[in-house]
Amino acid sequence: MSAKHRGKFVPVVAPTGSGKDTLITYAKSVFPDLVLSVSCTTRSAREGEEHGRDYFFLSREEFEAKIAGGELLEWAEYGGNYYGTPKKEIERHLAEGALIMGDIEVQGVRLIRDLLPPEEFGTIYIDAGSWSVLEKRALLRAPMSEEELEKRRMRYVDESSFKTEATYVVSNPEGMLEDAKRDFIAVVAAFRKEIGLSE
Ligand code: 5GP
């Protein structure tokens, strides 16, 4: 298929607990032609996850062969596992004119930003509040060791550093999910318009 416009790759950046998955799933329900990029990983599948839908679950050997073969747009080691974005799939969806949404940690997002032409790339940052707000929320959900909490805090610092670099920022404070959904859809519609898709 050859599209009139090339597509756009839009990673969504957010600290853990910001409602990123909820907003992406909602956008997919509003715009069924939204492509959710499927990354490769060496971590094991969690319950309910499917190979080819949530991730391509690979052995370390298989993943390293992909790195060596130049098959990944970017890759990172995170929490002891490899994660990477398959180059061929992204290229195919861009050629088809799709809006592709990705869930990639912030270092990977910065690498891809340097690789793609600016018109084929954009980002959304989801702001659910300060570390103290997210910390309280996480602790209410499940008790956590000091060490785990510190790890999360460091991740928060990394991911939230992207806020000033993002194309769009969507606020998702506690209790305001409906507003966040509306704002998120408006941003997705704006990206769609740029590549000639219906809003
Ligand atoms: P999880 O194991 O919880 O699914 O993901 C852990 C982290 O890996 C998340 O921050 C997620 O955004 C990130 N991640 C998922 N896929 C990729 C990828 O292809 N590249 C990079 N750099 N990070 C990824």
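Start by selecting the ligand: the space it takes is the largest pocket. A molecule counts as sitting in a pocket if more than half of its atoms lie within 2 Å of the pocket's grid points. Helices (H or I, at least four residues) and strands (E, at least two) are DSSP runs, numbered from the N terminus.

This is a predicted model, in which local features need pLDDT of at least 70 and side-chain atom pairs count only at pLDDT 80 or more, while totals for chains, interfaces and linings use all residues. Residues are numbered from 1 along each chain as its sequence is written, and side-chain values use heavy atoms, with hydrogens and water left out.

**Stop 1: the ligand and its shell**

A polar side-chain atom of Ser-39 is 2.7 Å from an oxygen atom of the ligand. In Tyr-83, a side-chain N or O atom lies 2.4 Å from a ligand oxygen atom.

**Stop 2: the largest pocket**

Now hide the ligand and look at the space around it. A pocket is found on a 1 Å grid over the protein atoms alone, as an open set of points with protein on both sides within 12 Å along at least five of seven lines; lining residues have an atom within 4 Å of a point. The largest pocket has a volume of about 1300 Å³. It is lined by 39 residues, and those closest to its centre are Lys-20, Asp-21, Arg-46, Tyr-55 and Asp-103. Select α1 (20-30) next: it gives the largest share of this lining, 6 residues. The lining divides into 11 nonpolar, 13 polar and 15 charged residues.

**Stop 3: the second largest pocket**

Select Cys-40, Phe-56, Leu-58, Lys-66, Glu-71, Pro-86, Lys-87, Lys-88 and Glu-89, which line the second largest pocket. About 160 Å³ of space lies there. Helix α3 (residues 87-95) supplies the largest share of the lining, 3 residues. By class, the lining has 4 nonpolar, no polar and 5 charged residues.

**Stop 4: the cavity**

A cavity is a set of grid points where a 1.4 Å probe fits but cannot get out. The structure holds 1 cavity of 30 Å³ or more. About 130 Å³ of space lies in the largest cavity. To find it, select Thr-16, Gly-17, Trp-131, Leu-134 and Arg-152, which lie nearest its centre among the 13 lining residues. Then select α5, which gives the most to this lining, with 6 residues.

Terms used:
Polar contact = N/O pair within 3.5 Å; in protein donor to acceptor, adjacent residues only side chain to side chain. Points joined across faces, edges and corners; volume = space filled by probe spheres on them. Nonpolar A, V, L, I, M, F, W, Y, C, P; charged D, E, K, R; others polar.
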